[in-house]
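Open the model in your viewer and keep the selection panel at hand.

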Amino acid sequence: MLVSRRPAVAGSFYPGDPRELKRMVDGYLAEVSAEDAPPKALIAPHAGYVYSGPIAASAYATLAPSHATISRVVLLGPAHRVPLRGLAASSAERFDTPLGSVALDRAAIDLALTLPQVKLMDEAHLLEHSLEVQLPFLQEVLDRFQLAPFVVGDASPAEVAEVLELLWGGPETLIVISSDLSHYYDYRTAKRLDATTSAAIEALRPEDIGYEQACGRNPVNGLLELAKRRGLRARTLDLRNSGDTAGPRDQVVGYGAYAFN
């Protein structure tokens with residue numbers, strides 16, 4: 001069993017110095033505010049903070065009213081480093097960031113491992129950034145919480161939805177899906193594609209989201225399937241791309257933030 005999963009992208013995707021990291025995250029959060037009831041689930045981007053941090057903050061700011069209520073976060077993100085079938089759980093006791101350690105909810109993970117599509121696979125987690133970059137935001141907006149993290153590979157919406165349903169819980173449980181949108185199109189093309197993806201998310205239509213529209217298509221579509229079944233409503237909180245934040249406009253990456261109530 002792995003004791004702790006060490007940060008893989010501190011110092012590159014986000015600052016490795018805890019004071020600088022806290023200042024950056026708090027600065028992004030200060031620019032936005034919650035305007036609706038706290039969500040049951042979020043979709044947030046996972047690029048370097050200079051690119052997607054402001055968009056991610058618009059998702060995490062919605063948690064301010066429930067900062068003391070949420071005690072478990074079920075976090076799903078796509079596999080970028082290790083190909084896999086199904087969902088990969090971690091054997092670690094905690095995930096570390098420059099802001100401290102987040103304990104893993106071993107009971108929730110063990111429950112998920114009773115499903116055939118979930119397996120222990122630490123190598124899928126060790127270098128994966130899609131989950132790691134969400135943690136400093138969660139550490140800043142929530143009081144105390146445990147984490148149930150899963151790297152999602154080749155998995156159907158139904159397989160992902162089954163895991164989320166099993167761990168759905170009550171108001172103490174938050175679902176977070178980590179995903180960027182389109183990759184490396186020109187600015188105008190990306191704006192068009194990402195608007196189409198946002199419309200599909202708001203309509204809870206997983207069948208309308210293809211691989212070229214979101215790198216986290218598999219976990220996103222699992223959430224959309226379950227949200228539709230449970231009668232949730234999705235709303236877009238922010239929709240921009242790297243050409244709007246910190247990059248050139250010839251090849252951009254899209255970022256969206258979404259809340260589900």
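Which residues does Asp96 touch, not counting residues up to four places away in sequence? Select Asp96 and display Ser4, Arg5, Arg6, Pro7 and Ser101, which are its contacts (contact means heavy atoms within 4.5 Å). The model is predicted: local features need pLDDT of at least 70, side-chain atom pairs count only at pLDDT 80 or more, and totals for chains, interfaces and linings use all residues. Residues are numbered from 1 along each chain as its sequence is written, and side-chain values use heavy atoms, with hydrogens and water left out.

Asp96 lies in strand β5 (residues 94-97); strands (E, at least two residues) and helices (H or I, at least four) are DSSP runs numbered from the N terminus. Asp96 is buried, with a relative accessible area of 5% (buried means under 20%, with a 1.4 Å probe and protein chains only). Its side chain makes a polar contact of 3.3 Å with that of Ser4 (a pair of N or O atoms within 3.5 Å, where within protein one must be able to donate a hydrogen and the other to accept it, and residues adjacent in sequence count only if both atoms are side-chain atoms).

Next, select strand β2 (residues 41-44), where Ala41 and Ile43 point one way and Leu42 and Ala44 the other, all buried. Strand β9 (residues 173-178) pairs with β2 in the parallel sense over 4 bridges (pairing requires at least two DSSP bridges). Leu42 has Val176 as its bridge partner in β9. Strand β12 (residues 252-260) runs antiparallel to β2, joined by 3 bridges, and its Phe260 stands opposite Ala41.

Finally, select Ala57 in helix α2 (residues 49-60). Ala57 is buried, at a relative accessible area of 0%. Beyond its neighbours within four places in sequence, Ala57 contacts Tyr28, Leu29, Val32 and Phe137.

Conventions:
Buried < 20%, exposed > 50% of the residue type's maximum accessible area, 1.4 Å probe, protein only.
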